[in-house]
Amino acid sequence: MTLLPYINAIYSLLLYGITGVFHRAVSSPMPFAVSIELTNHCNLQCPCCTTGSGILKRSKGFMDINTAEKIADSLKDYVLSANLYFQGEPMLHPQFFEIVEILKGLHGTISTNGHFLSRENCRKLAQSGLKKIIVSYDGVSQDTYSTYRKGGDINKVTEGIKCLAEEIKKRKRAPAIELLFLYGRHNGHEIKEAEAFARSVNALFSVKSMQVLNPEDIEQWIPPETRLSRYVKAGDFYELRRGPKRGCIRVWTTAVITWDGNVIPCCYDKDAVFTFGNLNDRPLHEIWNSKYRRSFISEVRKSRTLNKICSSCPQGLKLFFRPPK
């Protein structure tokens with residue numbers, strides 16, 4: 001990696017601070033982080049996921065190779081890290097490894113539900129040049145795991161992770177493995193065993209609080225530990241914990257690109273309601289500095305209650321935790 005992405009990141013953060021002081025809407029530097037949706041198809045039906053629950057309103061599809069090439073060309077001199085996922089399961093893409101190779105220079109991370117970790121795929125992942133592979137692992141027994149991961153097979157995932165760890169161990173330069181435990185009321189009793197398994201395969205282990213789509217279901221899913229919940233009880237109801245009232249560093253620094261090339265504000269715009277432009281119609285630098293995007297950022301600077309995605313976003317809150325003792 002050259003120094004250019006680091007210079008871009010430092011300049012971006014400094015300018016964000018300066019514009020916050022003087023309250024001026026200016027063009028931001030190119031993003032130094034990006035989330036790229038390879039597909040919004042998924043093989044599972046997780047009830048608190050927009051895709052898995054079937055409530056995603058926009059069309060489904062797979063990113064075109066040409067779109068991936070445009071992203072790589074646009075961001076190769078600016079980006080420090082890329083999440084090669086947004087909605088859906090990225091490894092469902094029929095040209096998954098080809099796209100990973102195209103985006104190799106962006107220092108990518110994938111997040112997968114772990115159902116496609118065959119021996120051949122694990123070998124390819126180990127030598128892919130990815131920085132990290134995150135695997136959802138929020139249960140060790142089938143009953144617990146499938147309570148949330150509807151349609152999933154914990155035994156298949158477990159064996160896949162073991163296989164991936166073996167392939168990575170063979171190579172000096174290979175991705176890190178991180179097991180992600182989405183912590184809810186249904187699986188807290190298995191968190192220690194999941195953490196022990198992570199240690200056994202030399203994987204990182206992280207715990208993330210749950211987002212619940214339907215307010216009526218919050219009590220069904222959130223754990224009893226208050227600190228591990230995004231929600232706080234207010235009388236007979238639950239409210240989302242509130243972050244800062246204004247401003248958002250992520251919408252300033254991070255691009256989110258859907259499978260069909262739309263550039264959107266952040267990962268909370270699941271249905272791409274606030275699309276700034278499409279990569280297949282305009283170059284990314286034009287979209288990034290467009291009047292619409294500057295106006296959106298200016299609104300967020302004033303208040304995060306002016307649009308639905310920002311008012312319900314947990315940005316600024318702690319979402320990842322150490323496992324409870």
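Predicted model: local features only at pLDDT ≥ 70, side-chain atom pairs only at ≥ 80, totals over all residues.
**A strand pair and the sheet around it**

Phe-181 stands opposite Val-207 in S6. In general, strands of a sheet pair through backbone hydrogen bonds, either parallel or antiparallel.

Now step back to the sheet. S5 and S6 belong to an open sheet of 10 strands. Read across, the order is S11-S10-S9-S1-S2-S3-S4-S5-S6-S12. The pairing is mixed. Which strands stand at the edges? They are S11 (277-278) and S12 (320-321). Each has a single partner strand, so one side of each is left without a neighbour in the sheet.

Next, the whole chain. Its secondary structure comes to 12 helices and 12 strands. The radius of gyration is 20 Å, close to the 20 Å that the globule rule gives for 325 residues, so the chain is as compact as a globular protein of that length. Along the principal axes, the C-alpha trace spans about 55 × 55 × 35 Å.

What about the inside? Buried residues make up 51% of the 325 residues. Take the contacts between residues at least 6 apart in sequence: 69% of them join residues at least 24 apart.

Finally, the surface and the charges. The accessible surface comes to about 15700 Å². Carbon and sulfur atoms account for 52% of that area. The chain carries 45 positive and 31 negative side chains. The centres of these two sets lie 7 Å apart.

How values were computed. Residues numbered from 1 in each chain as written. Heavy atoms only, no water. Helix = DSSP H or I, 4+ residues; strand = E, 2+ residues; numbered from the N terminus. Rg over C-alpha atoms; globule rule 2.2 N^0.38 Å. Buried < 20%, exposed > 50% of the residue type's maximum accessible area, 1.4 Å probe, protein only. Contact = heavy atoms within 4.5 Å. Areas by Shrake-Rupley, 256 points an atom, 1.4 Å probe, with all protein chains shown as cover. Lys, Arg positive; Asp, Glu negative; His and termini not counted. Charge placed at Lys NZ, Arg CZ, Asp CG, Glu CD. Pairing = 2+ DSSP bridges.
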